[in-house]
Structure formats: structure tokens, C-alpha cells
Amino acid sequence: MQSVARNSILSEIDHCNKCGFCLPACPTYQLTGSELHSPRGRIAMVEAATRQEIEWGQGIEESLSYCLSCRACETACPSGVRYHRILEAGRTALAQHRPRRLSWATRQILGTVKHPRRLRRLAGIGHTFRKWPMPRALLPLLPLTGYQAAVAEPVSPISSKKPDVAFFEGCVMSAIFPDANRAAQNLLQRAGLAVVTPQGQGCCGALHLHAGQREEAVAMAKANILAFEATGDVLVVNTAGGCGAMLSEYGELFEHDEQWATRAQRFSQRVRDWSTVLRQQPQEIPLAGSGERVVLQNSCHLVNVEHAGDDAAALASSVPGDQFVGYPGQDRCCGSAGTYNIEHQEWALAIVTAKMADITALRPNRILVNNPGCHLQMRWGAEQAGDDSVQVEHLATYLERAAARAAASSQPTQGGSPDGAP
Amino acid sequence: MHKQGALAGQLDRLWVAGARASRADSAAVQGVVSALNATLQPDQVISDRERLLAFSYDATGERHWPDVVVFAQSAQEVETAVQIAAAQGVYILARGSSSNLSGGTTPVLGGLILSLTRMNHIRHVDVLNRQAVVEPGVINADLQVALQSWHFFYPPDPASHRISTLGGNVAENSGGPHCVKYGVTVNHIIQLEVVLADGRRLLTPTARDYRVGLDITGLLTGSEGTMAIVTQITAQIAPQPEQTATMLAVFASVDEALHTVSAIIAHHIVPSTLELLDKKSLEIVESFVHAGYPVDAGAVLLIEVDGPSAVVQAQTAAIADIAAQGGAHEFRIAQSALEADALWKGRRAHYGAAARIAPHLWIQDVTVPRPLLAEMMRDVIVIGQHHGFNIFCSAHAGDGNLHPIITYDPANADEVARMRQADHDILAACVNRGGAITGEHGIGIDKLENLALMYGPRERQTMSDLKHAFDPSGVLNPLKVVLPPPVRPSDPHWEEPSDHTWTPNTAQEASQAVMDARQAGIQLSVGGYFTGWAMTGRPLTTPLSTSHLRQIVDFDKDNLTVEVEAGMSASELAQWLRHEGLQSPFLPYSSPKTTVGGMIAANARNWRHAYLLGWRDVVLGVEWIDGRGQILRFGRKTMKNVAGYDVTKLAVGSWGRLGLISKAILRLRPLAPQRLLGYTQSDTVDRLLDMALQFGASASRPDGVVITRLKPGQAQLWIAHESPGAEPTKEWVEGQGREAGLTWTWLEEDAWVSWEDERTRLWQQALQHGTYAEGGVLPTHLSHVINRVALDHLFIVYPASGAYEIFAGPNDVPLNLEGLSRRISEGQYWQQPTDGWDAIEDRIRHVFDPDGIFGPSKSRT
């Protein structure tokens, strides 16, 4: 490790008092009870390797690679340790000392997300061939497949001079869950906001960064910053907690890049989750439920990085006629974690199985999500749990249906715009 | 030598041990690893050097390489692992969340780390018997959550309760903000299942008041994993109070705040929380969490009271007045749970906020008698200034427990050295104030060398010998809690027999008498007036009496403690305290020839405070004279003290086998001006028993409950209440009676005396002419016991603890009666054997009485 980087990471590590407050927040510690798989343990491993007390070898590789990067430990940490920086520094150093080839499946995903059309095709093919035996190498990709989006009709757009928000689509969201993006756009417009979707945007780069492909991530980030500079200083909204977190940390990604630091910082300051924007909008949208019990699987990055998990929960519980059931693990990682459920399928399954056990006990009709990874993971979890009565759905799609239902019932005879927009 | 490189910042701990300790050799470690791998699953054993690094530390921060890690999933696996490691002489350290702040789980000499995190099941919650049985890896907060649905709680809630395991709480004897009212961990641990250093798994004798044998549960609680490894915990739980009020009082200075603390105590209010933050803490906390604390204040008190709503309202109003008189310029009462939470937010954020202002922080933990807290805080500030630190404090003010925080940069060697010096000076200052160097964090490695500030070589040698009694080969958690002095202290100086007396007037005379007896080979029986000697089952040898030791040594009204000589009449002390508006829970009102020392040695039952575990909850310290004539002093007049082993616990129920108790420090409680005593009767005992069990599970319960059949065919359920709230308690009890069709008779307090006299008369009569039998079972099993007792037998049953006493004719009580612990019939003495503990009890006796002058060394059967 370079000595500047070494000192900067050791000074970050110095803030860790080893108090252990992170332990109950960490899903892998909960799963294993092992310090090696806890935030405090991973920090200790990076410290020891940095100080050359241990090798950058198998031990630290195991410790770091099983981290979900859910960042729940950062929220729990009383000392404000920026764990993700230590983790990333550790993973970067590890990649140098111990180059590791990602699995075929992960490489496919990292390649495909850059090409939304290919991604959409993969999801479609998956749907067709789902019931057929698949080659072994393709098996890890199964959870990605089989979702059939039912995209709502767009509500009539707000005709305003300039847009109020710029919409970030996200690669997986636009390829596999276009329904959620459309729903969020509709809701924002129902609330009186003009939405624009800038050209030239692409994948946020989070998957690449977390897989150690920093250069790829940086290139993607630059493209996005450029695309959204074109819209002026309006808020950048999106429907995926994971992407939102990455976008809101572009500033950090470029902090040592003189040319881009300010621009990235400025971009990141504009990033909001759609639910935050909608919740803060004074114009209330009438909603109507249908007697369902719903639970929320909050995106951990929305909760722990954007600190906006409360907005999602508030919206999820705002539908009259439905019953929202909160539970203690609502904000806890589902085990999806980017490509984690492909790289470490066994652990990802154990985590989602434990979560499904909690959720099943609540007997919900619907599990609401706000991140594509969580969406796929929770579907996989429900399937594994043999629970086909429960639907997994993006929060936006759920709310949009409730809004449409309310609009329809308030204007039963008119066939026109259900949005109530002026 | 097992080769493991040194880690950065690692202190050389080996010098402390001198030549006495070293790491296990690599062949031994290899043998252990192979044996473990052959027995356990691959994911249960870690033995490669790199992965072991993650187990080299705890929250104290020092790092040492362990040799192997095992994740035990059951008590059987703990047994197996201990057997394997002990056979090779490899050290064994139990580990939970490793959140301790004294290095208790740091593997100073390497060894096997026995992780108990996977043993995290709550086995059983039993509200009628008010106990929860849990595995050691259960997180404290998880137990609280599980108890909520029962409307119960587990009172000790250390600041780490969201992370720390109950096994760790037991090992450290953890405190927390609520122990000012409810006591610390040891006051709630009924029984432990432990694996000993020799690999045997045993249940400890119960801590309840029908225990025979020594209070091993009490001694092991707080022993920091150096004596045994806990594999299961039976904890006492309590019904949630009906109402809780949370208040914040704001003062211009720490002195004003602490005067208010004293005034609250002087007003006979025992809050459930009494926390203090000083000025700098407020600034730091407020800049971090915006809890709404005033930043220009000198100090704030966070106060909570709980209980019946009428009591809570009265106490809240009283505290508001007291605070105003004490100079509080602001006083807030939370109007909702949300507001209460907001008031707590600042206190909870203290550690975190402090951690953000500097790269590292060190949190100290000292306890002084509560009235000296202000002086102690001044000491801390001065010491800080002397060493160049701006130290700030939080305090569990109700307990006199202070947490000074020093922030520093670990990379700055000079600062680290000054921090350590300041740390040492704070401990020395605390000892000068009569305090304990740790109230709840433990000695571990951190204060190992500083224990000598508090305890002399004889006490440390005794503690060290006690460790040896449990762990003769020294494999459990080495170099923790206590080190023996470099040279074993020689016996006290003995000269030719002076004109000593068997009724000494001072501890020195008592010591001289013991030495004389030892020299002359005389067997001694120690006691006060020997009224209860028959209960020991031993012949009365030469009586060494405390009857001339009857002074009050120290009465600290503000601190709520009294230190008395052991021969003082218990009822006289009770009378005297009553004039001061105080009480000590277990003192009787009659029988002047019962001494305080005798009651402690006998762990005498008293039903008026039925939900305490016994004298162990009241005795804070003892002075005793052992079989060498050494005058030993354990404990302090502090509410919390985890410095070294809790040797005081061994005095309670020691029955004169470990020496002569010469002084005792007792914890006092305010005596409420209105008290309650009454009874109801029924022809069926079961009906009364059912009602008593329902009482126990309710927050509205009276303090004391007992069932008697003192005349044939006449069963009575008695209740007593001496805490605040006599009136609402009376109403509640009467309401319960109406539902059950029972009416209550209320008596004047004088009825105590006749109640106690009647019991004493029955007891003496049974001892002389019939059978006296006693024992204990789970409270819900008392019914089986009663139904086996003949109709004409008289008895007393204690439905809170499960104890029973039977007064019967000659040879009338069968030895197979459930839970029978002691039977004395026509001079024949029988006592329940202490299964599996005989060897350890003998070794403990040998520590205090090597020549067996207080009785033969073999345990009775």
C-alpha cells in the first residue's frame, strides 16, 4: 500500500475504539457469531495487514469478501468510523496482492449492466427458459430472471417551463423494473412535479466499484455527471437505494481528482430518493388500499447511506385501507448486496431465509422493496420459503396503484386523466 | 514457544507474571487443534494465524495473538473443548461480544478462545417463578425484548446492553443506569451451569435463601472467566413497574447537581435512575445529537422514578421541589414515552459523542461513597489539568460511580504515557476517598497492577488462592483479576499466649485468640450467643464469641450504609436504624441474642423483603479473621464494586467454617413512614399459594409475602410493605382478596414481634423435641411439598423464594421430600450433599482455615 494511502487508512482505523456497537447491526456477524465476519473484525484485519502483521492472504480475503457492504455498521458506530473507506482500501490492496477472478456469472452481470438492451434480453430469455434445466454456470443468474413488468400508463406530464426533478433510471431498474420507474415518475407528477429523464445517463457503477473495478466505475460516474449537468441544478431522483447511495457518494469517489472533485460533489448534493422528494411535496396524493397487509424490506443503502429509510417507511404506511406491519428487521440487509447473492449464494440464502421466517410470521400479502437487488432477492427468498401467496413489489408500483385506485373511485364516470393534476 | 509476532501497541504483560507464566508450546497447541478438528465441524475451529488476528482484542484495545478459536454450540461442546485444552495445558478464555473495557477477553498469553456467541438461545421464561433460563451468548437487549411481551424485565442494563452477552454480564458483574434501585447483575443471578477447569459441568448451588453450601454463584459472578466457564444462566426477572417518570434537571454547577442527589436520597426517594453529565459532556453531546440539553449549564441530572402511579406522581413532585431548592434553573418532566426517549438520547450519546472529538478515548470507572462524588470529580479535574487533559465525566450519581473520559491520540506516545499516569492517579485518588477502583468494568488486565491500591497482600493472596481452588492448574483466563503478591504473606506474628479471652473486645484480640487456638490445637466454634448452633450440625467446641464486638463503626446516613461489629444485636440495630428513618432489609425486630454476624453467617431468612435473594444483596463488605489469625477486609461502602473477587459473598451462609466475621458493612434503605402488615386466612393452603404466586408476577406486589400454618388447620397468607406506596398496595391487595373471596386483617407493626417470637418458639421446640426441616423448590412446586406434609405439621413457606420450614414431631419429615436441604431430628443432623462441589468447597475452606480449627476439613454428609 502507498504510504499516503496507508497513513490515511490507519488514521481512519484509529477512530475505531473496538467498542463492538457494530456487532448486532452486522448481518454476517448475526449469521456466524464470528468476529472475523464483523465490522470490528474486518477493520482489525485491514489494520493488521496494513501494518504487515498478517499477510494479504486467504484470511483477510475471506473476511472482506463476505462483507455485504450494507453499511449498517456505520449507522450503529458511535465514533463515526467510515467503515466503507476502510473496506474499500482493504479490498483494493487485496486485489493488488491477491488478484482474484470473479465468477463467470458476476462477470456477465458487470458486463451486461452497461448495456441495458442486453440486460433486458437476458431477463426475458430467463423468463422463457426458467422452467428448463439450466447449465450449471448459469444457475447463479436465476434470481435475476423471470420478472414480468406491468408498466402503468403514464399520467399526463406537467407542462412547465423547466423540469423540477431529473430522473435517474438505473440499469437494472430500467431493464427489469421499468414499471417501478414509471410508477415513481407518475407519482411525482401527481404531486405536481415536472420530471425529465436526461439522455446519456447509464449505470451508476456501484456494482463495479464494489467488485474492485474502480476505473470502470469512475468512467460511468463521469458520464452520469455530464448527463445531469445538462438539466441545471434540479434534484436528481431515482428508485433504487443502491444506486442512490452510489450517486450520493460520487463526491467521495472523486475527492482526490482535482478536475472532477467539485463537479462530483455538486452532483452528489442533488441526489435524493424519489420517496424523499415525494414525502416532502406539500401536495398530497389521494391513496386507496384494498385491505392488504404489507411489509417493507428497506434498502440498506437508502437507510444507512442516504439516511432516508424513514421516508420509504412513511410512504409505505400511508395507504388508507391497507395495513402496514413494521418489524425489527425491516432495515436489515436482505443478502442481495449487488452481486453478493451470486458470489456467496449460500450466505445470501441463509440471510434471506432468516428474514423470510420473520416476515412469514407476519402473514403479509405484499413485501415492498425499493431497490432492484432486494426485489430479486426477496422474490428468491419467497420462492425458497415456498411462499407463493406473497407478492414482492416495488414501493412505487404499489403506491401508484393505490393512487390510481383512489383517482378512479373519486371520478367513477370520467375516463380522463386519473391524476387530478391541474 | 509458540511463535507469534508482537502486535503494534502491544504491552509486555509477561513481566507481570514473572517466570510463572508463558505461552503454551506449539506442540501442545497443535495437539489441541488436531483433537478439536477431530471432534467439531470445520466451521467451528479457527487455527490459522491470519484469521486468529480477529480474536486478538476486545473493547479495551490491546492485542495479543490467541492460539485457536472454537465456536461452541452447546454446553457439551464447551465441556469437550475445555477437556481437550486443559489436558494439554493450553489456556482457555470464554468470549461473548468482547465489549468489555478491562481486557477480560484479551488473550494475553494466547490460548484457546472459546466463543459462546452461537449459544444464544433463551431456553425458558417462567413468570410465575420469576426466572429466565438462558444460554450465555444471549444478548442482554434480546432478553429484554423477549420479556416485554410478558410485561417483565431483567433489571441490569449496562450501557452495552445492545451488544453485551449475558454470559459477559455475569463474568463482569455488570451494572448500568438502573442498578441504583434494582442492584447489579449478581443481585439477579440465581444459578449458573458452569464447566470447571477440569472439564466437569455442574450446576452451582442456588443463590436463593434455602442454599446449603457456599455462595459459589455469587463468587463466580464477576470472576471474569478465571474460575469457571458459564454455559447456562438462571436469572431473576421482575414485573415491569406500573409507571415510569423521566425528568431532566439543569444546574449551574456539578456541586449543585450533586447536592440535589444527596437531597433526593435524604428525602427517602430511591430513583430507578440518577445520572449526571458535566459541562463539557453537555457541550459535546449537544453538538453531536441535539438532544435539547442546555449547553450553557454546569451539569444536568437525568432522573427516573418508577412504581405505582400514585407513588411516581408524588415522587416526581417531590423531586421537582428538591431540584428547585437545589438551584435547578430548569426542570423538565417527559410527558410521553417519546419525550422520555429524547431526554435519554443525550445521556446515551455520551460515549459516541466523546469518541468523535478525538481519535481515541479511554473511559475510566471508579466508585466512591455517594456523598464523596463531588470531591472525587474535583480530584479528577485537577489530575486531568496536571497531566494536560481536559477530562470530562458522566456518572451513575445514585451509585457514586464515575466515568471520567480521557481523549487521546494513540499515535502520540507522550500523550499515551500521560494518559496512563492520569489513569493511575485517578485510581489512587478514588482509593483515598474510600472507593473501589472499578464499579462495573472489572479488573481484567487493565487494573491488575492497581488492585494493590485497594487490597493488601493478604487479601490479594486470599483471592489468588480462591482462583487456585477452582482452577488448580491455572488454565482459565490467565493474568486477569488478581495476581498473588510476589512473596506469600507470612502468618501474623504470634507470641506466647497472652491473657487472651474467648470473648475478644477487638479484631486484634480475636486474631490473637485464633492464633493461640491454632498453636494449641484447639478447635473453635465461632458465633455470637450460639442460639442457632444446632443448625450447623457440628458439636460445640471451644466457643469464640463476638458478643463483645458490638460497636457501630461507621454510620453514613447520606451514603445509606452502616458498618457494625458482628456481635451487635440485630434487633437493637434495627431499632436504632428505625429512629433514623432507615432499615436494613433482613434485620429482625425481636430476639436480642441474634447478632448481625450470626444472621450473615446463617444467611437468615426474612420474608419482609421477599424479592431480594438474601443477605448477599445487603452485605457490601466484611472484615473477618481467618484460621491463620489474619484480619482480612473485603468490599467497601460503595454501592458498586467489582475490584477483585467478591469474597464477601463467601461470608454469607458460611456458618462459621471460614473464620470469624468481625465487622460488616450493610446497605440501608429508607423506611417509608407508612407501612403495611396484614394477613388473610383460608382452610386450604393451595388457595393462598396461588394468590401469592400471582402477587409475585405483578408490579403492584407488596414487598413481603409468606404463608404460615402456625396452628393446625389455620393457614395464613401474610403480606408486608415497607417501601413507599403502602396505601395503593393495600388497595390492590384488598382488591385481589375480594376477587378470591378472602378478607384481610390489618395489624399494627407490633404484631411483627409476636410473629417472629412465635416462629422462634416453634423452631426451638422442634429442635429440642421434634423435627425441624427446611429446604426449597421452585415456588410453583411448593404446593407438592405442602401436600406431602402431614396435616398436623406446622410450617412456613416463602412463596417468593420457594423456601419452606417445617416444624414437626420426631422423625416425621421424610428425607426424600422434594428440595429438603436440612433436617434436624432428635440430635440427628442431615444436610443435602453439595453434589460435585465438595472438593472445591474443601479447597475454599483450606484457603481460609488450613489447619481446620473451625471444623474438620471433610464435608459432612
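How many salt bridges are there between domain 1 of chain B and domain 2 of chain B? Keep that in mind while you get set up.

This is a predicted model, where local features need pLDDT of at least 70 and side-chain atom pairs count only at pLDDT 80 or more, while totals for chains, interfaces and linings use all residues. Residues are numbered from 1 along each chain as its sequence is written, chains are lettered from A and ligands numbered from 1 in the order in which they are written, and side-chain values use heavy atoms, with hydrogens and water left out.

**Stop 1: the domains of chain B**

Colour chain B by domain: 1-233 is domain 1, 241-357 is domain 2, and 676-748 + 771-825 make up domain 3. These bounds come from an automatic or database domain assignment. Between domain 1 of chain B and domain 2 of chain B, the C-alpha centres are 35 Å apart. Their contact (heavy atoms within 4.5 Å) takes 6 residues from domain 1 of chain B and 10 residues from domain 2 of chain B.

**Stop 2**

Together, domain 1 of chain B and domain 2 of chain B bury about 680 Å², with 57% of it on carbon and sulfur atoms. Buried area is the accessible area (1.4 Å probe) that two parts lose on being put together, summed over both. Now select B:Pro177, B:Val180 and B:Lys181: in domain 1 of chain B they lose the most area to domain 2 of chain B, together 61% of what that side buries.

Time for the answer: the count is 1 salt bridge, meaning a side-chain nitrogen of Lys or Arg within 4 Å of a carboxyl oxygen of Asp or Glu. Show the side chains of B:Lys181 and B:Asp306, which meet in a salt bridge at 2.5 Å, N to O.

**Stop 3: chain B meets chain A**

Zoom out and show both chains. Here the contact takes 40 residues from chain B and 35 residues from chain A. Chain B and chain A bury about 2800 Å² between them, and carbon and sulfur atoms give 54% of that.

How many salt bridges are counted between chain B and chain A? There are 3 salt bridges. Pick B:Arg51 and A:Glu62 to see a salt bridge whose closest N and O atoms are 2.6 Å apart.

Last, look at the make-up of the side of chain B that touches chain A: 20 nonpolar, 10 polar and 10 charged residues. In this scheme Ala, Val, Leu, Ile, Met, Phe, Trp, Tyr, Cys and Pro are nonpolar, Asp, Glu, Lys and Arg are charged, and the others, Gly among them, are polar.
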